[in-house]
Amino acid sequence: QVQLVESGGGLVQSGGSLRLSCAASGSGFSARAMGWYRQAPGKERELVAQIIPGGETNYAEFVKDRFTISRGNARNTVYLQMNSLKPEDTAVYYCHADAFVSASLRDYWGQGTQVTVSP
């Protein structure tokens, strides 16, 4: 069974920084793309940043130049460095990974970690 476990969320003041971590585990699991999504109360889940094979990264416009996504030396790990945080960044942040299973691309999600930015 594949598990994605996030850590690093918390409460921070506006302008502060947090670093989220995600580790995926499971017998034979090899993540293809990994990324972060977020969901604020009353809003839909939205892409924050993604890193795909080859190292190409994609960022939502609202986090460009503030957040940096990276993958760890261990293949199934991903990080999100969040700087210059704003109150509107407050949300539950979810780690996402996809992987080929029997020639089909499947999605996997973490349980989410709360990020709260105070004014």
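**The disulfide and its surroundings**

Modeller: Let me begin with the cysteines: the link of Cys-22 and Cys-95 is left-handed, with -85 degrees about the S-S bond. Please keep in mind throughout that this is a predicted model.

Colleague: How far apart are the sulfur atoms of Cys-22 and Cys-95?

Modeller: The sulfur atoms of Cys-22 and Cys-95 lie 2.0 Å apart, and the two residues form a disulfide. The structure holds one disulfide, and the pair links distant parts of the chain, since Cys-22 sits in strand S3 and Cys-95 in strand S9, 73 residues apart.

Colleague: Is Cys-22 buried or exposed? And what about Cys-95, buried or exposed?

Modeller: Cys-22 has a relative accessible area of 2%, so it counts as buried, the cut-off for that being under 20%. Cys-95 is buried as well, with a relative accessible area of 0%.

Colleague: Moving to the sheet, in what order do the four strands come?

Modeller: The order is S1-S3-S8-S7, in an open sheet whose pairing is antiparallel. Strand S1, covering 3–7, and strand S7, covering 67–71, stand at the edges with a single partner strand each, so one side of each is left without a neighbour in the sheet. On average, and ignoring direction, neighbouring strands of this sheet are turned by 15 degrees against each other.

Colleague: How many bridges join S1 to S3, and what stands opposite Glu-6?

Modeller: Five bridges join S1 to strand S3, residues 18–25, and the two run antiparallel. Opposite Glu-6 stands Cys-22 in S3, the cysteine that forms the disulfide with Cys-95.

Colleague: And where does S3 go from there, on the S8 side?

Modeller: Six bridges join S3 to strand S8, residues 77–82, again in an antiparallel arrangement, and in this pairing Ala-23 stands opposite Thr-77 in S8. S8 also pairs with S7 in the antiparallel sense, over five bridges, with Val-78 in S8 as the bridge partner of Arg-71. S7 and S8 are joined by a hairpin through five residues.

Colleague: Which glycine has a positive phi in the hairpin of S5 and S6?

Modeller: That is Gly-54, whose phi is positive and near 100 degrees, in a hairpin with five residues between the strands. S5 and strand S6, residues 57–59, run antiparallel and are joined by three bridges, where Gln-50 has Asn-58 in S6 as its bridge partner.

Colleague: Last thing, the inside. Which residues have the most contacts within the largest nonpolar core?

Modeller: Those are Met-34, Trp-36, Leu-80, Met-82 and Tyr-93, in a core of 29 residues. At least two residues of this core come from each of S3, S4, S5, S7, S8, strand S9 (91–101) and strand S11 (113–118).

Colleague: Which strand gives the largest share of this core?

Modeller: S9 does, with five residues, and S9 is also the strand that holds Cys-95. As general background, nonpolar side chains tend to be buried together in soluble globular proteins.

Note on methods. Residues are numbered from 1 along each chain as its sequence is written. This is a predicted model: local features need pLDDT of at least 70, side-chain atom pairs count only at pLDDT 80 or more; totals for chains, interfaces and linings use all residues. Side-chain values use heavy atoms; hydrogens and water are left out. Two strands pair if DSSP finds at least two bridges between them. Axes are lines fitted to C-alpha atoms, for helices over the stretch in contact, and angles run from 0 to 180 degrees between N-to-C directions. A nonpolar core is a set of buried Ala, Val, Leu, Ile, Met, Phe, Trp, Tyr and Cys residues joined through side-chain atoms within 4.5 Å. Buried means under 20% relative accessible area, exposed over 50%, partly exposed in between (1.4 Å probe, protein chains only). A disulfide is a pair of cysteine sulfur atoms within 2.5 Å.
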